[in-house]
Amino acid sequence: MAGITVVGLGPGSRDYLTEAAEHAINQADILIGGRRHLDMYNHLTVEKYPITADMAPLVDIIEANVAAGKHVVVLASGDPGFYGILSTLKRRLPGLRPEVVPGISSFQLGCAKLGISWEDACLTSCHGRDPAALVAAVNKHAKVITLTDPQNTPPALARALLGGGIGDLSVHVACNLSYNDESLTTTTLKELAAAEQWSSSNCIMVIINEK
Ligand SMILES: C[S@@+](CC[C@H](N)C(=O)[O-])C[C@H]1O[C@@H](n2cnc3c(N)ncnc32)[C@H](O)[C@@H]1O
């Protein structure tokens with residue numbers, strides 16, 4: 001079967017990998033993904049290409065292999081449609097119609113572990129994005145969920161929020177979800193901002209702005 005499938009792997013542990021994802025991966029002629037994700041599939045003897053900052057060579061590999069009748073599977077963390085590789089691929093390859101296998105997103109597992117519903121939440125991301133948008137979202141919404149990154153760590157984002165005029169709100173932080181070093185913290189923005197060290201950048205934050 002020629003074409004491309006983008007597969008959501010969930011937050012990390014195989015416990016949260018769906019059977020549909022496993023099935024799609026086993027159909028691959030070519031596997032593309034982050035190094036950590038490709039390492040999970042060392043046992044598969046298919047061609048593998050790591051995703052790097054420069055997407056151009058990968059775009060060429062995808063186009064050439066799909067044109068040659070191969071089936072390309074792209075591995076994505078969490079759900080591919082939530083601040084993931086899906087939008088990048090659709091932008092770079094507008095003619096391609098990928099099949100998408102959903103995965104459990106980091107924010108879904110984080111909310112589940114914290115016992116928090118998310119149908120009323122504003123979902124956003126500070127992964128490679130300016131925290132100014134987070135400040136605007138917290139000003140506007142009673143519940144905001146954001147992704148973090150190595151620069152925009154939870155303490156850095158707490159400082160950005162306080163610096164942006166947000167008060168000392170409650171905040172939940174869930175890090176390394178589904179891994180052995182998973183952590184769940186409930187605190188306030190001021191306490192979080194004062195943390196000098198934060199061991200993980202792989203976190204979601206839930207900021208509660210109930211009036
Ligand atoms: C590029 S985004 C991808 C999000 C992904 N598509 C999803 O649905 O979770 C990467 C960010 O997701 C969050 N993330 C991914 N895996 C996580 C995990 N296991 N625990 C906590 N946060 C995670 C972190 O904020 C990380 O910086």
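## A walk from the ligand outwards

Of the 23 residues around the ligand, the nearest are G78, G84, S105, S106 and L147; a residue counts as near if its C-beta atom, placed from the backbone, lies within 6 Å of the molecule. Before going further, note that this is a predicted model, where local features need pLDDT of at least 70, side-chain atom pairs count only at pLDDT 80 or more, and totals for chains, interfaces and linings use all residues. Residues are numbered from 1 along each chain as its sequence is written.

What kinds of residue make up the shell around the ligand? By class, this shell has 10 nonpolar, 11 polar and 2 charged residues. Here Ala, Val, Leu, Ile, Met, Phe, Trp, Tyr, Cys and Pro count as nonpolar, Asp, Glu, Lys and Arg as charged, and the others, Gly among them, as polar. Strands β8 and β10 each supply at least two residues of the shell. Helices (H or I, at least four residues) and strands (E, at least two) are DSSP runs, numbered from the N terminus.

Now for the domains. The protein chain is assigned domain 1 (3–104) and domain 2 (107–208), with bounds that come from an automatic or database domain assignment. Their C-alpha centres lie 28 Å apart. Across the boundary, 7 residues of domain 1 are in contact with 8 residues of domain 2; contact means C-beta atoms, placed from the backbone, within 7 Å. The shell around the ligand draws at least three residues from each of the two domains.

Next, look inside. The largest nonpolar core has 54 residues, and V7, V73 and V74 touch the most other members. Such a core is a set of buried Ala, Val, Leu, Ile, Met, Phe, Trp, Tyr and Cys residues joined through C-beta atoms within 7 Å. A residue is buried if 20 or more other C-beta atoms lie within 10 Å of its own, exposed if 12 or fewer, and partly exposed in between, with C-beta atoms placed from the backbone. Leaving out residues up to four places away in sequence, V7 touches A21, A24, I25, V73, V74, L75, A76 and V101.

Why is strand β1 (residues 3–8) largely enclosed by the rest of the structure? Because 5 of its 6 residues are buried.

Over to helix α7 (residues 154–163), where P154, A156, L157, A158 and L161 are buried. Their cover includes α6 (132–140), β7 (143–147), β8 (170–175), α8 (189–194) and β10 (203–208). After α7 comes G165, whose phi is positive, near 95°.

Finally, compare two residues. Not counting residues up to four places away in sequence, L192 touches P154, P155, A158, V171 and T187. G69, in the loop between α3 (56–67) and β4 (71–76), is exposed, with 10 other C-beta atoms within 10 Å. The C-alpha atoms of G69 and T153 are separated by 43 Å, and these residues are 84 apart along the chain.

Conventions:
Two residues are in contact if their C-beta atoms, placed from the backbone, lie within 7 Å.
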